[in-house]
Amino acid sequence: MSLLEIRGLQVTFGGLDALSSLDFHVNDGEIVSVIGPNGAGKTTFFNAISGMVPPTEGEILFDGESVLGLDPNQITEMGIARTFQNVRLFPNMTVVENLMVSQHCRTSQLFVGALFQTKAFKKEEREIRERAEEILAFFGTRLTGYRLDQPAFALSYANRRRLEIARAMATQPRLLLLDEPVAGMNPMETAELTGLIGRLRDEWGFTIVFIEHDMKVVRDVSDRVVVLDHGVPIAEGSYESVSTDPDVIEAYLGRPLESRKDRR
Amino acid sequence: MTATLAPSGSSVALDWRRALLWGGICALSLVSVSLIGLPVGMNKRILIEPVLSLGYLFLLWIPLVFGYVATTVVVLEGVEARKSGVADLLAGLTAGLMGGIGLTLLMVGLDTVNIRKPLVNWSPQLFRLLTFERGLEFGIPVWLGICAGLGLVGAVLHQLPAVARRVMSWVLFGVMAVAILEAVIDDLAEGFHLEWLTDALYYKKGGTEGLTVTSAVVLALVLAALPVVTGGRVKAAVDHYRDAPSEDRRRTSLVLFGAIAVACVGLPMILGGIVNELLANVGLFLLLALGLNIVVGLAGLLDLGYVAFFAVGGYTTSVLTSSNSPFFAPEWHFGIALLFVVVMAAVAGLLIGAPVIRMRGDYLAIVTLGFGEIVRLLFLSDWLKPYFGGSQGITKVNPVDIGPFKVQGSDPRSVFYLVLFFCALAIYVSWRLQGSRLGRAWMATREDEQVAEAMGINTVNAKLMAFVVGATMAAFSGAVLAAKVGSVFPKSFEILVSIIILVVVIVGGMGNIAGVMVGSLVLIGILGGPRQPGLLQEFQSYKLLIYGALLVFMMLKRPEGLVPSARRSRELHQDEYLQDAWLGDEAETEGDQGAPS
């Protein structure tokens with residue numbers, strides 16, 4: 001059974017259909033990339049899944065349960081985590097706090113534990129801190145050591161992007177939605193992160209859907225590619241089949257001159 | 001900007017336009033301070049018998065400061081600084097002189113036209129004060145001379161080495177503080193049996209009469225000698241503390257905290273009534289400020305109707321413990337009433353919070369402002385008069401009976417201890433919650449609500465909890481107020497209370513417990529609360545003016561507050577922090593390259 005199943009999804013802003021009659025599914029353990037020209041509705045697609053934009057029509061099933069009408073935090077609790085295209089960390093919280101706070105829905109301590117410093121409270125604090133450090137260690141030494149206690153705004157751009165992924169990982173999801181994870185990175189950083197995306201599935205067991213414009217990354221890591229244009233899926237399949245699909249080429253580059261003449 | 005363009009080597013001329021501008025501002029300040037009524041209002045308060053009153057002090061410091069400022073220039077790194085010289089002294093003199101001209105014009109105006117109708121303080125008293133009751137021909141040259149002289153002194157101060165400057169300002173502030181705080185020092189001295197000292201220090205012909213000239217001189221000499229004796233040891237200690245590793249710093253903080261706690265418990269025993277009353281007021285507002293600090297500082301919800309919870313606490317206590325409550329007077333013990341105070345505060349927090357919590361930023365501020373007023377008007381209304389007594393309020397609230405003690409307004413020491421208990425509780429709760437799961441959720445909500453939601457935080461719940469915790473602290477404060485005053489009136493819960501608490505939190509240092517403590521000590525202790533007199537009782541009628549001026553000054557010069565939280569000062573000084581972090585990184589990578597890896 002597929003982990004995420006979307007049927008007939010439609011999102012309308014005013015009179016504009018940002019997404020219409022979109023069918024989509026992700027199997028457990030798959031890496032699916034969503035591509036398409038600017039304004040194709042890719043980010044809206046993520047917003048709809050994560051509950052930040054209410055769909056006008058359609059159905060979204062996660063692990064067989066509908067997520068429609070749930071608040072974003074409830075959806076995160078069910079096991080869907082996301083990153084943002086324009087990095088949106090908690091800039092004035094430290095690196096480790098960013099990860100500790102995103103384990104909120106996996107923890108339960110409230111007033112009593114904090115005020116009386118109960119054993120359970122201390123244990124929970126220790127555990128989430130350890131988990132945070134474990135996740136950060138996944139990115140090498142860049143986010144560890146003295147950086148743990150630096151505010152997020154002090155990080156370099158690439159590190160902020162890494163921290164976004166780390167923060168999503170800390171919510172302990174089953175499905176990870178990455179919105180342009182390598183945007184703005186240099187070729188070396190891109191190559192490294194490409195490897196990391198593969199490892200995210202192999203070592204951490206996440207199922208991954210990601211939006212990307214960098215075709216090299218898409219080619220290297222995705223099991224399946226879905227192409228959106230004007231809110232409609234126009235092609236789906238392996239990278240090779242999609243990249244030679246005339247509809248996809250047309251969406252990106254426009255129609256060849258001869259064919260226009262033909263149609264006239 | 002001309003300074004940056006000038007070729008290096010040549011000395012840059014003084015910017016006279018700037019000096020003249022400062023002079024103009026100086027004149028305007030003198031005139032406006034006079035017309036606000038500060039000199040006349042404060043003239044009765046003698047600081048140094050018989051030469052200086054607080055009223056004149058308000059005029060005199062202006063040319064001094066502007067003389068000092070007139071020659072300040074921003075020196076950019078890598079650009080040769082202008083050599084200071086006679087021109088600077090002249091600039092200071094000019095700035096002061098222009099202030100004198102401003103006062104001259106004011107005096108002439110006071111003498112010739114009468115516009116007392118719109119300007120209440122355009123009065124003969126002001127004229128007499130400015131001319132020293134000797135007419136224009138005496139007043140004008142004297143003020144021109146005084147202002148120019150003070151401007152010159154200011155400019156000279158600016159040229160002196162920093163050490164001399166520090167000693168001078170320390171002496172000036174010290175003497176003025178001792179003179180202004182006469183009432184309190186008197187009160188303190190009685191507690192320590194040091195009456196002989198105050199007798200020697202002050203003129204004392206009944207009431208507060210200021211220092212004598214001799215004692216002022218002696219005091220100045222003693223104060224000047226102090227820095228020589230300590231020899232910068234204090235500064236060294238502070239630096240040492242700042243550079244110490246975090247564990248040492250933690251230990252020092254704990255020791256400091258312990259010392260403050262011991263002082264809080266012990267000192268009131270020897271302090272007199274005035275100081276205890278003051279401290280009790282400070283405590284009441286500290287309690288309020290700590291609650292608001294959670295709502296605004298941690299959760300980032302700008303609540304301008306915070307006074308509503310203060311009122312709920314006060315009225316709940318009054319209804320339950322007063323013998324005079326109109327419809328229901330069980331006359332319970334304060335302790336039992338407290339339980340209901342908590343419940344009512346939580347209910348009020350939820351009732352007000354639930355409808356407004358989904359709003360953001362400005363909308364939230366405006367709506368809570370409205371709710372704050374609604375609560376006060378409800379208590380005032382005829383509709384609820386049978387229950388809460390309308391504008392007459394509820395009187396005869398029983399004193400708190402704790403075994404051998406009775407906490408009531410006539411015994412400020414007992415009130416202080418009661419307040420201290422609640423403050424300690426509130427400080428502990430704030431401190432623990434800050435570093436807990438809930439505190440982090442509040443911070444994340446403040447940073448970016450949408451993302452916090454996407455990261456699995458139920459922001460509505462988190463914000464409601466902040467509201468309820470803040471409401472409970474405010475309600476405790478209201479309960480103590482009711483017991484202290486022995487009555488409650490709607491008048492005590494005006495919107496001004498909300499605003500002053502917010503100012504306390506902002507000026508003290510938002511999001512920092514120590515900052516809030518310092519803020520309430522400085523503002524409520526020295527200036528006074530909305531209806532409570534502070535140390536400087538003379539300023540009572542100018543309190544709001546000073547609050548406003550202070551707030552503007554703080555926003556410009558130190559927006560993070562007097563004692564900022566590390567997080568907030570980083571937020572407001574991101575550039576500097578980034579630069580430091582970057583330089584640190586560079587040093588580190590250089591080190592790495594040296595080591596084989």
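Modeller: Two strands pair if DSSP finds at least two bridges between them, and strand 4 (residues 57-62) and strand 5 of chain A pair in the antiparallel sense over two bridges. This is a predicted model, in which local features need pLDDT of at least 70 and side-chain atom pairs count only at pLDDT 80 or more, while totals for chains, interfaces and linings use all residues. Residues are numbered from 1 along each chain as its sequence is written, with chains lettered from A and ligands numbered from 1 in the order in which they are written.

Colleague: Which residue stands opposite F62(A) in strand 5 of chain A?

Modeller: The residue opposite F62(A) in strand 5 of chain A is E65(A). Strands here are DSSP runs (E, at least two residues), as helices are (H or I, at least four), both numbered from the N terminus.

Colleague: What makes strand 2 and strand 5 of chain A edge strands?

Modeller: The open sheet has four strands in the order 2-1-4-5 (chain A), with antiparallel pairing. Strand 2 (16-27) and strand 5 (65-66) of chain A each have a single partner strand, so one side of each is left without a neighbour in the sheet, and they stand at the edges. Helix 1 (residues 42-49) of chain A packs on this sheet and touches strand 1 (2-13), strand 2 and strand 4 of chain A, its direction making about 65° with that of strand 2 of chain A.

Colleague: In what sense, parallel or antiparallel, do strand 3 and strand 9 of chain A pair?

Modeller: Strand 3 (residues 31-35) and strand 9 (residues 224-229) of chain A pair in the parallel sense over four bridges, and I35(A) has V227(A) as its bridge partner in strand 9 of chain A. Strand 9 of chain A is also joined to strand 10 (residues 232-237) of chain A, by five bridges, and these two run antiparallel. L228(A) is partnered by P233(A) in strand 10 of chain A. The hairpin of strand 9 and strand 10 of chain A has two residues between the strands, and in it H230(A) takes a positive phi near 50°.

Colleague: Why is helix 5 of chain B called roughly antiparallel to helix 7 of chain B?

Modeller: Axes are lines fitted to C-alpha atoms, for helices over the stretch in contact, and angles run from 0 to 180 degrees between N-to-C directions. The axes of helix 5 (residues 86-112) and helix 7 (residues 136-159) of chain B cross at roughly 155° and come within 7 Å. Angles under 35 degrees count as roughly parallel, over 145 as roughly antiparallel, 65 to 115 as roughly perpendicular and the rest as oblique, and helix 5 of chain B is therefore roughly antiparallel to helix 7 of chain B.

Colleague: Which element gives the most to the side of domain 1 of chain A that touches domain 2 of chain A?

Modeller: Chain A is assigned domain 1 (1-79 + 173-264) and domain 2 (88-170), with bounds from an automatic or database domain assignment. The C-alpha centres of these two domains of chain A lie 28 Å apart, and their contact (C-beta atoms, placed from the backbone, within 7 Å) takes eleven residues from domain 1 and seven from domain 2 of chain A. Helix 2 (72-78), strand 7 (175-179) and helix 7 (187-204) of chain A each give two or more residues to the domain 1 side, and helix 2 of chain A gives the most, with three.

Colleague: What does helix 2 of chain A give to the side that touches chain B?

Modeller: The contact between the chains takes 30 residues from chain A and 27 from chain B. Helix 2 of chain A provides the largest share of the chain A side, four residues, and that side divides into 14 nonpolar, ten polar and six charged residues.

Key: Two residues are in contact if their C-beta atoms, placed from the backbone, lie within 7 Å. Ala, Val, Leu, Ile, Met, Phe, Trp, Tyr, Cys and Pro count as nonpolar, Asp, Glu, Lys and Arg as charged, and the others, Gly among them, as polar.
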